[in-house]
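This report goes through the salt bridges of a protein chain and then turns to one of its helices. The sequence and the structure are shown first.

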Amino acid sequence: MAGRESNVNLASIPQVATLRKNDEAYEIAEKVIGALELDGNADLDFKFDENGHPVLMEINPRIAATMQIFKEGGLNLPYLRVKQLIGEELPEVNIEYGIKMHRRYLEMFARE
């Protein structure tokens, strides 16, 4: 389990994001996933209230569109899911929190 903090969004799509650990959000996620009996990857979106506590906003039972940041931080979600589905032992995962992703959706032009 790992968390991503969106630092800059464009039309709700993260343009800058950072891998962040939040034990309070993880606790909520574990309870929700257990109650819904979800198996596999799921993307839970949180907002923070005025006191800095995570509030669950949305549940997506799929890999997040920003899954590449998790891979770069040491958590290759598609790989781990495939290993799980074929019954292989999952390797130990060490997440490198603090990894930052920068995404650019701008047109770039050059003249020859």
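Predicted model: local features only at pLDDT ≥ 70, side-chain atom pairs only at ≥ 80, totals over all residues.

An α-helix has 3.6 residues a turn, so residues three or four places apart point the same way.

K31 is exposed, at a relative accessible area of 56%, while E27 is partly exposed, at 45% relative accessibility. The cut-off for exposed is over 50%.

Another of them pairs E5 with R20, whose closest N and O atoms are 3.6 Å apart. E5 sits in strand β1 (residues 3-10) and R20 in strand β2 (residues 13-20), so this pair ties together parts that are 15 residues apart in sequence.

E5 has a relative accessibility of 32% and counts as partly exposed. R20, at 38%, counts as partly exposed as well.

D39 lies in the loop between α1 and β3 (43-48), whereas R81 lies in helix α3 (residues 77-85), so the contact ties together parts that are 42 residues apart in sequence.

Which of these two residues is buried, and which is exposed? D39 is exposed, with a relative accessible area of 56%. R81 is buried, with a relative accessible area of 19%; this falls within the buried class because the cut-off is under 20%.

## The buried side and the ends of α3

R81 is one of the buried residues of α3, which are L77, L80, R81 and K83. These residues cover an arc of only 160° around the axis, so they are on the same side of α3. Among the elements that cover the buried residues of α3 is α2 (67-72).

At the N-terminal end, α3 is capped by N76: a side-chain oxygen of N76 lies 3.3 Å from the backbone nitrogen of Y79. Just after α3, G87 adopts a positive phi of about 80°.

Note on methods. Residues numbered from 1 in each chain as written. Heavy atoms only, no water. Salt bridge = Lys/Arg side-chain N within 4 Å of Asp/Glu carboxyl O. Helix = DSSP H or I, 4+ residues; strand = E, 2+ residues; numbered from the N terminus. Buried < 20%, exposed > 50% of the residue type's maximum accessible area, 1.4 Å probe, protein only. Arc of directions from axis to C-beta. Contact = heavy atoms within 4.5 Å. Polar contact = N/O pair within 3.5 Å; in protein donor to acceptor, adjacent residues only side chain to side chain.
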